[in-house]
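Subject: Structure for your review

Dear colleague,

Please find below the structure I am handing over to you. My notes on what was found in it follow.

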Amino acid sequence: MDTTFIIDSSLCESDSNWQRLLNFVQTLVSYFNVSPSGGRIAVIPYGSDAKVSLKFDTLTGNRLNGEEVNRRVGNLACQGGSRRIDKALELADKDVLIPSAGMRDVSRPVLVITTGKQTADEGVYTPLDIASSRLQDKGAAVFVLGIGKDVDPSELKQIASGPNNVFTVGSFDDLDTKANEAKKGICVLVPPTPTITVGPTTREICPIPMDTTFVIDSSLCDSESNWNRLLYFVQTLVNYFNVSPSGGRVAFVPYGTNASVVLKFNSLSGININGAEVKKRLDGLRCQGGFRRIDKALDLVDREVLTPAGGLRDISRVSWRRKNNRTN
């Protein structure tokens, strides 16, 4: 098996608890027969950010063994900060569960370990069920272990491939008793071979350069998760428009009681004209609340966006208006 451990490194108030967590991971590693002809391990610790500490192909030759993996695990330092489970899942999708990182055509379980809830107040985040589904689409069986009383059972269910893939313990002291259960669960529930073969994929993009305006309803702010889902929807659409100097351009106009232009077609220039930079601007949007003045937003698009001074080009131009179901 190619097994990925995604390890919560946000809670650093107790060094002994961190060591218990690492010992738990090391115990599981010892079960998986790491060797050139056997298991491989990847490790992603996460806090405010996530990083890949070990890929499936990091170790080769006589270093490809459980002792070397556990030495690497034992050297991990607790990061602290917030708890961005979504970033860790996205990193596993982009940098670990890919052939160029050593992933093979074998079973690929992913064990996500968390000590609490996903941090949801740092701008846009990917909903956990969506982030996890991308791993599952690559044939991964996703398991989750929640430690302590601060975990959210609904989030654990969103992360896991199924209800039998959820494990919980009341405290770090209980981890020793959970290792064998987790091992048996992973070995029993993981299919012997993936249901799909993953290869390099090309994201479907619109081949026609367009100037696209998003007019975003920012009046309904009673649910931060819904606001984040709305921003995530816009980010997903941005992916398709091939933002580049010779490709698409994007403008944003959020509105509530008032409307504002957050991004014009010419706000970015040079190497900054790319989808990642556009989505970074979108990350910073905050829900405004208030009334819903769609008219003000459309007037503003007319006056300041769909103009040559706003960077409008002589090409196709599309406006998206996202409206919540409420009237004033």
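What covers the buried residues of H8 includes strand S6 (210-217), helix H7 (224-240) and strand S7 (249-255). Please note that this is a predicted model.

Helix H8 itself spans residues 275-283, and its buried residues are Gly-275, Glu-277, Val-278 and Leu-282. These four lie on the same side of H8 because the arc they cover around the axis is only 165 degrees. On the face turned away from that buried side, H8 carries Ala-276 and Lys-280, which are exposed. The N-terminal end of the helix is capped by Asn-274, with a side-chain oxygen of this residue 3.1 Å from the backbone nitrogen of Ala-276.

A second site may also interest you. The second largest pocket holds about 210 Å³ of space. Helices H5 (153-159) and H7 are the elements that give two or more residues to its lining. Among the lining residues are Asp-152, Ser-154, Glu-155, Gln-158, Ser-225, Asn-228 and Arg-229; Gln-118, Ala-120, Tyr-125, Pro-127 and Leu-128 also belong to the lining.

Of its 328 residues, 49% are buried. Among contacts with a separation of 6 or more, 80% are between residues 24 or more positions apart.

With kind regards

Definitions and conventions: Residues are numbered from 1 along each chain as its sequence is written. This is a predicted model: local features need pLDDT of at least 70, side-chain atom pairs count only at pLDDT 80 or more; totals for chains, interfaces and linings use all residues. Side-chain values use heavy atoms; hydrogens and water are left out. Buried means under 20% relative accessible area, exposed over 50%, partly exposed in between (1.4 Å probe, protein chains only). The arc is that of the directions from the helix axis to the C-beta atoms. Contact means heavy atoms within 4.5 Å. A polar contact is a pair of N or O atoms within 3.5 Å; within protein, one must be able to donate a hydrogen and the other to accept it, and residues adjacent in sequence count only if both atoms are side-chain atoms. On a 1 Å grid over the protein atoms alone, a cavity is a set of points where a 1.4 Å probe fits but cannot get out, and a pocket is an open set with protein on both sides within 12 Å along at least five of seven lines; lining residues have an atom within 4 Å of a point. Grid points are joined across faces, edges and corners, and a volume is the space filled by probe spheres set on the points.
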